[in-house]
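Subject: Structure handover

Hi,

Here is the structure I promised to pass on. Have a look at it first, and then read my notes below.

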Amino acid sequence: MPTERSAAPDVLAENGASGEVIDLIGDVVWRYVTAFEHAAAEQSLTIAQAKVLGLLTREALPMRQLADRMACEPSNITGIIDRLELRGLVERHPDPHDRRVKFAAATGEGSEMTERLCESLRAAFAREPLAGLTPLERTMLRDLLKRLLGEGSAF
């Protein structure tokens, strides 16, 4: 008996685009990961350290929530935070409502490093390819990517 999921027609398979779309998404992801790794290395950061620093630049987070967002064990986050803290890029502080909970936050220096990393990433990954698109095409691409990620319907 077919499941609901398998009963729906595969629109991409019907027009032969499925493999091509998946391959193109894979190529974009590969280019992004390569550029991200290079941008992180320019700042003497591992990919994990750069990702954690980016998250903490946006907002201070409890260590456990940070581990959840990074999909790793809390002990791994502790090690990453230890190394970033030694460099003066993050700091830890207790939750004022529950002193058992530790928050991590980017320092000013950590936020500046994140901005340098992002600028390097924009230059290496996005600037040239996106410059070839019209403003309308860039907006459409953004909206389509948001839809793919389930961040609301743009249309």
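The largest pocket holds about 1200 Å³ of space. A word on how that is worked out: on a 1 Å grid over the protein atoms alone, a pocket is an open set of points with protein on both sides within 12 Å along at least five of seven lines, and lining residues have an atom within 4 Å of a point. Grid points are joined across faces, edges and corners, and the volume is the space filled by probe spheres set on the points.

Before going further, please keep in mind that this is a predicted model, where local features need pLDDT of at least 70, side-chain atom pairs count only at pLDDT 80 or more, and totals for chains, interfaces and linings use all residues. Residues are numbered from 1 along each chain as its sequence is written, and side-chain values use heavy atoms, with hydrogens and water left out.

Back to the largest pocket. Its lining has 24 residues, and Val 28, Phe 125, Leu 130, Leu 141 and Leu 145 are the ones nearest its centre. Helix 3 (18-42), helix 7 (108-131) and helix 8 (135-148) are the elements that give two or more residues to this lining. Helix 7 has the largest share, with nine residues. Sorted by class, the lining has 16 nonpolar, no polar and eight charged residues. Here Ala, Val, Leu, Ile, Met, Phe, Trp, Tyr, Cys and Pro count as nonpolar, Asp, Glu, Lys and Arg as charged, and the others, Gly among them, as polar.

The second largest pocket has a volume of about 380 Å³. It is lined by 14 residues, with Tyr 32, Phe 36, Ala 50, Lys 51 and Arg 58 nearest its centre. Helix 3, helix 4 and helix 7 each supply at least two residues of that lining, and the largest share, seven residues, comes from helix 4. By class, the lining divides into nine nonpolar, three polar and two charged residues.

Now the chain as a whole. There are eight helices and three strands, and from the N terminus on they run α-α-α-α-β-α-α-β-β-α-α. Both kinds of element are DSSP runs numbered from the N terminus: helices are H or I with at least four residues, and strands are E with at least two. Of the 155 residues, 27% count as buried; buried means under 20% relative accessible area, exposed over 50%, and partly exposed in between (1.4 Å probe, protein chains only).

How do the helices pack? Helix 3 and helix 4 have axes that come within 9 Å and cross at roughly 85°. That makes helix 3 roughly perpendicular to helix 4 (angles under 35 degrees count as roughly parallel, over 145 as roughly antiparallel, 65 to 115 as roughly perpendicular and the rest as oblique). Axes are lines fitted to C-alpha atoms, for helices over the stretch in contact, and angles run from 0 to 180 degrees between N-to-C directions. Phe 36, Glu 37 and Ala 40 of helix 3 meet Ile 47, Ala 50 and Lys 51 of helix 4, where contact means heavy atoms within 4.5 Å.

Helix 4 (residues 47-58) also packs with helix 6 (residues 74-86), at an angle of about 80° and with the axes 10 Å apart. So helix 4 is roughly perpendicular to helix 6 as well. The contact is made by Ala 48, Gln 49, Val 52, Leu 53 and Leu 56 of helix 4 and Ile 77, Ile 80, Ile 81, Arg 83 and Leu 84 of helix 6. By class, that is eight nonpolar, one polar and one charged.

- Gln 43 sits in the loop between helix 3 and helix 4. It is buried, at 13% relative accessible area, and beyond its neighbours within four places in sequence it contacts Arg 87, Met 113, Arg 116 and Leu 117.
- Ser 44 lies in that loop between helix 3 and helix 4 too, but is exposed, at 54%. Its phi is positive, about 60°, although it is not a glycine.
- Ala 71 is in the loop between helix 5 (63-70) and helix 6. Its phi is also positive, near 55°, and it is exposed at 72%.

Cheers

Methods:
1 Å grid on protein atoms, 1.4 Å probe; cavity = no way out; pocket = protein on both sides within 12 Å on 5 of 7 lines; lining within 4 Å.
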